[in-house]
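Here are a few notes to keep beside you while you look at this structure for the first time. Take them in order, and turn the view as you go.

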Amino acid sequence: MAGVLPDGVSKVEPLVPGSPAIDFGHCSDVGRVRVRNEDALHIDAQGHFVALADGMGGYRGGDVAAGLAVALVDRALDQMEEPGSLEATARLLMFTIMDINRQIYSTGREIPSLSGMGSTLVVAVFIGDKVLSAHVGDSRLYRLREGVLEQLTRDHTMLQEQVDAGLIDVEEARHMSYRGLLTRGLGVGEEVMPDLGCHEALPGDLFLLCSDGLTDMVGDEMIARLMGSGEGVQAIAEALVAEANRCGGRDNVSAIVARLVV
Amino acid sequence: MPKLILSMDGLVLKEIALDKERLTIGRKPHNDIQIDNLAISGEHAVITTLLNDAFLEDRNSTNGTYVNGQPVKKHVLQPNDVIELGKYRLRFIPEEVQSSGLAPSEMIDTQALKPLVTPAEVDMGAAMSRSVGSNTQILSPDMKASVVSLTGQGVSSQLGVVQILSGTNAGRELELSKSLTTLGKPGKQVAVITRRPHGYYITHVEGATFPLLNGKEIDAQAHRLNEHDVIDIAGVKMEFFLR
């Protein structure tokens, strides 16, 4: 996304008594190689959800696909009854993402200049002491708890499938050159199945949503160190992006950092 | 030069400059604006542009050509007219109202990203992109310069809020912190509230009937919202105020 983003932290007061308040920080940068930023972010302060999409394909198509993805997630979740149940929200996320896929796919086929456009998507919805995740592609959700960083989403990439199949090990995978090959994406096929997850979200936890522009440049140990620095979430998000650029910035890089306030 | 903004479901897809005297619209590839959707005929419509006047003509399409919900055969395009083609919308923007050259993708992003700080801190880039697409004021060249410097001051310093007055959501409040907030029901009636440096404006985007502002139908122009204005959209009443 072009243009400078307003910086700042949004503190969200709990909707459900007893739920933690959440601080959100974000940063998105075109990186040092690309001409255009085709990542799109959304932080919905009132609804306790965040979304991040990494667009791809065609002239300007990546921009449009990623923008459509986060805008349509926002629209669907905004209409949700609050506070929602985990089951109802998970169902809504599933059907919404499948529907967003169809819209991006059909629009890409109908408008020639948007042909082949697609996007990844990762969504996190905070409900009570849980966070629901839904994703398609290789944009990720991480949790940092007591200094330990855990990747909560599994990439939909050729590389991850090879690792899962035992064909290559994780260390080898980090040095492979064809990391970006997606096995699932929005707008790529007529139908797509997002992966859903439900994870603990306790006061003190930090969550990170990011595009591969971050994780391709910065290793997990450095991500954990920057997230565990004790700084505010906005400073952390900016530090992560700065580190990705310092390491080469070969792609658009985006990060949303959320801290559940103690 | 005049242009069209192609959107779907309230979301902008691309801008099309009316840079030829004759611009054809249809499903077949030879059309200048090709939309490969079955709701659109092979040769659906044509826009003839002379100086700053644009004329839309239906080419005996199967499903017809609609402007602002009304079927047309021949129509002189007015600022902000919305041409309906299946699920797609083409909004006509004449030359004078283009105060910046930002692309629709930048509009989407601004729409999607909610500003997280007090309005005074929003920068010029985000502020400028709001003016594309729904600015209906005619600007002379020297006025354009002053608009650019105005938008540099950031968004409206007060936050607009609508409070729902009727229906099951009565009492709920919606903060208009985004540069573009879409209200209503896609397919029935949709309006957009834009946030600009000097205030909030409502524009009708979709639907055969127009939303009501204080009991009167708004037309396709952007209307400034004032404190305690009552908006009636898709059967729901809401009140606008600033905080």
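1. Start in chain B, with a pair of facing residues: Val46(B) sits opposite Glu57(B), a residue of β6(B). The two strands here are β5 (residues 45-50) and β6 (residues 53-58) of chain B, which run antiparallel and are joined by six bridges. Do bear in mind that this is a predicted model.

2. Now widen the view to the sheet around them. In chain B, β5 and β6 belong to an open sheet of five strands, ordered β4-β3-β5-β6-β9, and the pairing is mixed. Its edge strands are β4 (33-34) and β9 (74-76) of chain B, each of which pairs on one side only.

3. Chain B has another sheet for you to find. This open sheet has six strands in the order β13-β12-β21-β20-β17-β18, with antiparallel pairing. Because β13 (173-176) and β18 (216-217) of chain B each have a single partner strand, one side of each is left without a neighbour in the sheet. Strands in a sheet are held as pairs by backbone hydrogen bonds, in a parallel or an antiparallel way.

4. Inside that six-stranded sheet, look at β12 (residues 160-164) and β21 (residues 236-242) of chain B, an antiparallel pair with five bridges.

5. Two asparagines in loops of chain B deserve a look. Asn68(B), in the loop between β7 (65-67) and β8 (70-72), has a positive phi of about 50 degrees without being a glycine. Asn80(B), in the loop between β9 and β10 (82-85) of chain B, also has a positive phi, near 70 degrees, and is likewise not a glycine.

6. Please read part of chain B with care. The average pLDDT of the chain is 75, and 74% of its residues score at least 70. Over residues 97-155 of chain B, however, pLDDT stays under 50, although the model has 137 contacts beyond four places in sequence for this stretch. Coordinates predicted with low pLDDT should not be read in detail. For the model, the scores are ipTM 0.79 and pTM 0.67.

7. Chain A comes next. Its secondary structure comprises seven helices and twelve strands, and 51% of its 262 residues count as buried. Among contacts in chain A with a separation of 6 or more, 71% are between residues 24 or more positions apart.

8. Buried residues of α7(A) include Val233(A), Ile236(A), Leu240(A) and Ala244(A). Among the elements covering the buried residues of α7(A) are β2 (22-29), α5 (212-215), α6 (220-227) and β12 (253-260) of chain A. Just past α7(A), Gly248(A) adopts a positive phi of about 135 degrees.

9. Finish at the loop between α5 and α6 of chain A, where Gly219(A) lies. Gly219(A) is exposed because it has 12 other C-beta atoms within 10 Å, and 12 or fewer is the cut-off. Gly219(A) and Ala244(A) are 25 residues apart along the chain, and their C-alpha atoms are separated by 9.5 Å.

Methods. Residues are numbered from 1 along each chain as its sequence is written. Chains are lettered from A and ligands numbered from 1 in the order in which they are written. This is a predicted model: local features need pLDDT of at least 70, side-chain atom pairs count only at pLDDT 80 or more; totals for chains, interfaces and linings use all residues. A residue is buried if 20 or more other C-beta atoms lie within 10 Å of its own, exposed if 12 or fewer, and partly exposed in between; C-beta atoms are placed from the backbone. Helices (H or I, at least four residues) and strands (E, at least two) are DSSP runs, numbered from the N terminus. Two residues are in contact if their C-beta atoms, placed from the backbone, lie within 7 Å. Two strands pair if DSSP finds at least two bridges between them. pLDDT is the predictor's confidence in each residue, from 0 to 100.
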